[in-house]
Amino acid sequence: MELDERPILYSYWRSSCSWRVRTSLLWKNIDYNTIPVNLLVNEHKSAEYTAINPMQEVPTLVIDGNTLTQSLAILEYLEETHTEKPLLPSDPLTRAKVRSLVGAIAIDTQPAQNLRILKYVGDEKSQDWAKHWITWAFEGIEKQLSSTAGNYCVGDEVTLADVCLVPQVFNARRCGVDMSRFPIISRIDANCVKLEAFKLSDPYAQIDCSEPKGT
Ligand SMILES: N[C@@H](CCC(=O)N[C@@H](CS)C(=O)NCC(=O)O)C(=O)O
């Protein structure tokens with residue numbers, strides 16, 4: 001594929017929603033270009049970027065001549081257009097279990113710790129707020145996983161649930177969530193991060209990463 005035909009991912013290195021899409025692209029061996037959008041200096045609020053993503057958030061994926069927003073819509077599009085190495089199981093019940101966990105993470109958990117929400121909550125309370133809501137969500141997700149997990153969230157195949165879980169665990173650790181309370185989540189995270197697509201999509205492997213690992 002020519003350089004200028006590659007999909008373009010508008011991404012921020014530490015964005016969990018961008019990370020989901022990076023993992024799926026890498027899992028499916030889709031070569032792509034990254035355009036970093038620095039959330040800390042409000043690049044996502046510029047007129048130029050708002051024209052691309054009216055919700056003023058990352059990720060945005062330009063692919064097949066189209067501009068796609070919302071990470072879950074992008075993940076579903078990649079599933080439907082790149083069927084090799086699927087991240088959704090073929091039978092409806094197992095697929096529903098995966099989508100249920102995806103919803104628990106991406107719809108019930110992540111929004112409470114989003115930058116604009118944390119800014120509104122204020123510097124003094126934002127860390128406790130994020131820690132509280134991630135802990136609350138992980139209690140439910142851990143229970144859910146006790147009936148679905150094998151090596152990964154649902155059985156022994158990597159799915160979109162794992163793609164969403166790993167970035168959420170990263171955020172949980174950043175917020176000081178006590179991960180020893182969540183042994184299944186921790187075990188699945190440890191299994192996933194050994195895999196190439198997760199290693200290469202890790203925030204610290206991104207071109208716009210602005211901090212050394214471990215700080
Ligand atoms: N539902 C959206 C959420 C996207 C989102 O919240 N992105 C965050 C980074 S993970 C963001 O750009 N936040 C900017 C802000 O809150 O101002 C999706 O899944 O794509």
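Modeller: Here is a walk through the pockets, then the salt bridges and the cysteines.

A word on the source first: this is a predicted model, where local features need pLDDT of at least 70 and side-chain atom pairs count only at pLDDT 80 or more, while totals for chains, interfaces and linings use all residues. Residues are numbered from 1 along each chain as its sequence is written, and side-chain values use heavy atoms, with hydrogens and water left out.

Let's start with the largest pocket, which has a volume of about 880 Å³. A pocket here comes from a 1 Å grid over the protein atoms alone: it is an open set of points where a 1.4 Å probe fits, with protein on both sides within 12 Å along at least five of seven lines, and lining residues have an atom within 4 Å of a point. The volume is the space filled by probe spheres set on the points, with grid points joined across faces, edges and corners. There are 36 lining residues, and Leu 39, Gln 110, Gln 113, Asn 114 and Leu 115 are the closest to the centre. Helix 5 (115-121) gives the largest share, 4 residues; helix 1 (16-27), helix 3 (71-81), helix 6 (123-146) and helix 7 (160-174) are among those that each supply at least two. (Helices are DSSP runs of H or I, at least four residues, and strands are runs of E, at least two, numbered from the N terminus.) Both domain 1 (7-85) and domain 2 (92-198) put at least three residues into this lining, with the bounds taken from an automatic or database domain assignment. By class, the lining splits into 15 nonpolar, 14 polar and 7 charged residues. Nonpolar covers Ala, Val, Leu, Ile, Met, Phe, Trp, Tyr, Cys and Pro, charged covers Asp, Glu, Lys and Arg, and the others, Gly among them, are polar.

The second largest pocket comes to about 250 Å³. Its lining has 13 residues, with Trp 19, Phe 170, Arg 173, Asp 202 and Lys 213 nearest the centre. Helix 7 contributes the largest share, 5 residues, and helix 9 (196-201) also supplies at least two. This lining has 7 nonpolar and 6 charged residues but no polar ones.

Now the pairs. The structure holds 7 salt bridges, each a side-chain nitrogen of Lys or Arg within 4 Å of a carboxyl oxygen of Asp or Glu. One joins Arg 116 and Glu 57 at 3.0 Å, N to O. Arg 116 sits in helix 5 and Glu 57 in the loop between helix 2 (47-52) and strand 3 (60-63), 59 residues apart. Arg 116 is partly exposed at 45% relative accessible area, whereas Glu 57 is buried at 16%; buried means under 20%, exposed over 50% and partly exposed in between, with a 1.4 Å probe and protein chains only.

Another bridge pairs Arg 14 with Glu 211 at 3.1 Å, N to O.

As for disulfides (cysteine sulfur atoms within 2.5 Å), the count is 0. The sulfur of Cys 153 is 6.5 Å from its closest cysteine sulfur, in Cys 192, so that is too far for a bond.
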